[in-house]
Amino acid sequence: MSEVVVIGAGVIGLSCAIKLQEHCTVTIVAKDFPAPFETIDPIAQINYTSPWGGAHNRWVPPSPSGENAREHAYALITYKHMKAIHAYHPEAGITFMKGIEYLEAPSIEYTSLTEARAKELKIEGFRLLAGHEFPDDKVSWGCAYDTWCVNPMVYCCYLLRKFTMGGGRIRKRELRKPEEVFALPPEELGLGRVDAVVNASGYGFGDDLNIYVTKGQTCLVDDLCPVTVTRQNADGSWSFCVPRNFDGGTVIGGTKDVNDWAAQPSMEVREKLLSDFRRTWPHDLGGGYTVLADIVGRRPTRIGGPRIEGEVTKGEEFIMHAYGLGGRGYELSWGVAEAVAKEVERHFI
Ligand SMILES: Cc1cc2nc3c(=O)[nH]c(=O)nc-3n(C[C@H](O)[C@H](O)[C@H](O)COP(=O)(O)OP(=O)(O)OC[C@H]3O[C@@H](n4cnc5c(N)ncnc54)[C@H](O)[C@@H]3O)c2cc1C
Ligand SMILES: *[C@@H]1O[C@H](CO)[C@@H](O)[C@H](O)[C@H]1NC(C)=O
Ligand SMILES: *[C@@H]1O[C@H](CO)[C@@H](O)[C@H](O)[C@H]1NC(C)=O
């Protein structure tokens, strides 16, 4: 059986490892592993993005010319997996609910998204909203659909348990380069010969010139919300809420600050996020907001989109890349995992 090392224990590394386990012996090597959210250090572990995500699935319609079609296919695969996990593992941290979107200045991807087109795209429970359902007259397009949210650390801990229960091994190590795995003495990792490495290091090594970070500040509140709401404003700013459930509160967001490495949350931003959201969703979330935490995370973004491809190095070693998921790591995770497993198996079998 092939020996595969997955670098990374974020949502991408964990999902890939579980999928690869069906046919290979898999070890995860990572600096950070999922743990209860309360124990994740906001400064020391800021580069570990998975704890800081919302995280919800927001359908991004492909353009009529086919842009985003790959990502949409990944999102559909993930939706199907989330449904199956939710049905058998209520403890996994997944909640299904309605998603509501409001747009001030919709692009062609949205204006062409009719109920018939949504059916073609297999978006379940889709309905265009009528004008009287918009929160104010700046919003000019809106829809509702069926979707899911996860409590990120509850979900990632579930994935880690599933992986180890299935015979997967873990090693807590920091690597300097993905290739280092091939050079480690086998006893260091308790492995035989390593046949392939999956590079699911998020921003990780940071030596791909196309990769950059998009900082997101959000505010975690104690209040519950029965739906996940997203508003895209004409000036490019966003307002959203992601109910984490499982005693994890609700995330109110959020900023998208390109190449901003500030690690400290801004109190001004917190106030703006809360007041913007209150305007977008004026329903009572339990009387004002009770703030639990201000969150800063770094989305591992990549020019040209996520890198999901195999590479044979100069030393004839096989590295399968799975990074650069930006703000969509959770919603694309199972689609990425299937693509990675297929490519790794194609390389060996
Ligand atoms: C504010 C915010 C909101 C978000 N909301 C959503 C959302 O609603 N929906 C959604 O789908 N996504 C959302 N995201 C994005 C999502 O969180 C990311 O896309 C996802 O977490 C990326 O996962 P990853 O596994 O690629 O990387 P990470 O979670 O960063 O994991 C990287 C792994 O690689 C390891 N690693 C890195 N370098 C090394 C090294 N040198 N040696 C050893 N190990 C190493 C790390 O320790 C870690 O285990 C959001 C992100 C932010 C910041
Ligand atoms: C996060 O990553 C950046 C870029 O690689 C690095 O400079 C910084 O030291 C890292 N932060 C931590 C806390 O590891
Ligand atoms: C592995 O992934 C990182 C992103 O985390 C990237 O910068 C790096 O170039 C990749 N490694 C290789 C060998 O390509």
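These are my notebook entries on the surroundings of two ligands in a predicted model.

**Conventions.** I kept in mind that residues are numbered from 1 along each chain as its sequence is written, that chains are lettered from A and ligands numbered from 1 in the order in which they are written, and that side-chain values use heavy atoms, with hydrogens and water left out. Since the model is predicted, local features need pLDDT of at least 70 and side-chain atom pairs count only at pLDDT 80 or more, while totals for chains, interfaces and linings use all residues.

**Ligand 3.** I looked up the residues around ligand 3 (those with a heavy atom within 4 Å of it) and found 14, the closest being Asn 199, Ser 201, Gly 202, Tyr 203 and Asp 207. I then turned to polar contacts, here pairs of N or O atoms within 3.5 Å. The side chain of Ser 201 has an N or O atom 2.6 Å from an oxygen atom of ligand 3, and for the side chain of Asp 207 the distance is 2.7 Å. Tyr 203 takes part through a backbone N or O atom, which lies 2.9 Å from an oxygen atom of the ligand. Alone, ligand 3 exposes 360 Å² (Shrake-Rupley method, 1.4 Å probe), and the protein buries 92% of that.

**Ligand 2.** I noted Ile 43, Ala 44, Asn 47, Tyr 203, Trp 261 and Arg 298 around ligand 2. A polar side-chain atom of Asn 47 lies 2.4 Å from an oxygen atom of this ligand. Of the 360 Å² of accessible area that ligand 2 has on its own, the protein covers 46%.

Key: Polar contact = N/O pair within 3.5 Å; in protein donor to acceptor, adjacent residues only side chain to side chain.
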